[in-house]
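Hi there,

Here is the structure I promised to pass on. Have a look at it first, and then read my notes below.

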Amino acid sequence: MKTILVTGSNGLLGQKITEKVLAEGRVSLIATSKGQNRYPIKKGYEYAEMDILNPAQVKVVLERYQPDAIIHTAAMTNVDTCEAQKALAHQLNVEALQTLISLCEEKDIHLVHLSTDFVFDGLNGPYKEDDAVSPVSYYGETKVAAEELLKSSNTNWAVLRTILVYGITNDMSRSNIVLWAKSALEKAYPIKVVNDQWRMPTLAEDLAEACLLAVEKEAQGIYHISGKDYMSIADLVRKVADYWSLDKSIITEISSASLNQTAKRPVKTGFVLDKAIRDLNYQPHSFEAGLEIVAQQISLRD
């Protein structure tokens with residue numbers, strides 16, 4: 001059984017990987033994050049505090065646990081925060097990865113890195129893995145820089161690019177578009193939603209499964225991992241309203257330009273999933289099936 005170390009284990013994806021490992025026992029897990037463990041179950045895996053901006057601490061943790069593979073989920077992912085705090089974004093999204101690459105080269109560790117559809121400009125989506133990257137935000141730039149570090153490294157690596165991840169954990173410290181839309185509509189808050197951006201939203205459980213498949217199959221290179229349904233953000237929010245039988249009349253469609261966001265967003269991303277389906281046996285849920293899984297988890301939590 002392989003030993004995997006997960007960075008950012010307190011985040012949504014990190015917690016879903018922990019949940020999956022505990023349920024299925026496919027690998028031995030070392031969960032790491034900055035600060036204390038926020039996952040409610042503490043048994044069945046190891047937890048180590050690890051700040052990815054502290055190279056000495058990272059080295060100590062890797063030497064203690066000797067993982068076969070690392071799933072690197074920790075990152076600054078808020079697009080506007082990256083634009084406003086470029087130095088910190090570069091540290092978290094590029095320099096921290098370089099620390100891991102150096103240690104993985106030295107210790108022959110397979111490195112699975114999470115990336116994003118924001119490496120593309122959104123003019124020609126859906127995209128294949130070998131399409132040219134052209135980011136329109138600093139967040140996207142840091143993710144392209146990270147991918148380039150891996151390409152020029154001497155370690156075994158896989159990049160999993162993903163899109164608009166949604167799901168729920170016990171301690172939802174951060175929201176996502178599905179939970180935000182559901183909450184606002186339940187409170188009958190009028191909401192404005194962009195109708196000129198298209199995505200393929202990704203269930204967090206699907207992405208966690210892809211991470212484990214990449215480790216188990218010792219995947220090499222870039223893979224596109226998302227949901228299989230292509231929709232505008234406005235359509236996504238309407239689907240959330242329909243699923244929970246909420247009032248769609250309080251949804252106002254607007255253009256991206258009217259939001260005055262700090263960072264620019266790509267217009268139409270989306271992925272061609274053929275490679276992941278073929279090589280990893282990746283099988284994403286439909287968006288409606290994903291909402292059903294989220295609804296079941298909310299009912300269990302309540």
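**What I found**

The accessible surface of the protein is about 13200 Å², and carbon and sulfur atoms hold 47% of that. Areas like this come from the Shrake-Rupley method with a 1.4 Å probe, and for residues only the protein chains shown count as cover.

Before you go further, keep in mind that this is a predicted model: local features need pLDDT of at least 70, side-chain atom pairs count only at pLDDT 80 or more, and totals for chains, interfaces and linings use all residues. Residues are numbered from 1 along each chain as its sequence is written, and side-chain values use heavy atoms, with hydrogens and water left out.

**The overall picture**

The protein has ten helices and 13 strands. Helices (H or I, at least four residues) and strands (E, at least two) are DSSP runs, numbered from the N terminus. The C-alpha trace spans about 55 × 40 × 40 Å along the principal axes. The radius of gyration is 19 Å, which agrees with the value near 19 Å for a compact globule of 302 residues. That radius is taken over C-alpha atoms, and the globule rule is 2.2 Å times the number of residues to the power 0.38.

Of the 302 residues, 53% are buried. Buried means under 20% relative accessible area, exposed means over 50%, and partly exposed is in between (1.4 Å probe, protein chains only). Among contacts with a separation of 6 or more, 79% join residues 24 or more positions apart. A contact here means heavy atoms within 4.5 Å.

As for charge, there are 32 positive and 39 negative side chains, and the centres of the two sets are 3 Å apart. Lys and Arg count as positive and Asp and Glu as negative, while His and the chain ends are not counted. Each charge is placed at NZ of Lys, CZ of Arg, CG of Asp or CD of Glu.

**Cysteines**

How many disulfides does a search of the whole structure find? It finds zero. The cut-off for a disulfide is a pair of cysteine sulfur atoms within 2.5 Å. Cys82 counts as buried because its relative accessibility is 0%, and Cys104 counts as buried at 1%.

Have a look at α6 (177-186). Seven of its ten residues are buried, so the helix is mostly covered. The buried ones are Ile177, Val178, Leu179, Ala181, Lys182, Ala184 and Leu185. Their cover includes β7, β8, α8 (233-243), β13 (251-254) and α10 (287-301).

Most residues other than glycine have a negative phi, and most peptide bonds are trans. After α6 comes Ala188, with a positive phi near 60°, in the loop between α6 and β8 (191-194). Asp108 also has a positive phi, near 55°. Asp108 sits in the loop between α4 (86-107) and β5 and counts as exposed at 59% relative accessibility. The peptide bond from Gly125 to Pro126 is cis, with omega near -5°, and Pro126 is in the loop between β5 (110-116) and α5 (138-151).

Is Phe271 buried or exposed? Phe271 is buried because its relative accessible area is 3%. You'll find Phe271 in the loop between β13 and α9 (274-280). Leaving out residues up to four places away in sequence, Phe271 touches several residues, including Thr116, Phe120, Pro126, Tyr127, Met200 and His224.

Asp171 lies in the loop between β7 (165-166) and α6 and is partly exposed, at 24% relative accessible area. Apart from its neighbours within four places in sequence, Asp171 is in contact with Gln15 and Arg38.

Last, Asp279 is in helix α9 and is partly exposed, with a relative accessible area of 31%. Not counting residues up to four places away in sequence, Asp279 touches Lys217 and Tyr223. Asp279 and Ala208 are 71 residues apart along the chain, with 16 Å between their C-alpha atoms.

Cheers!
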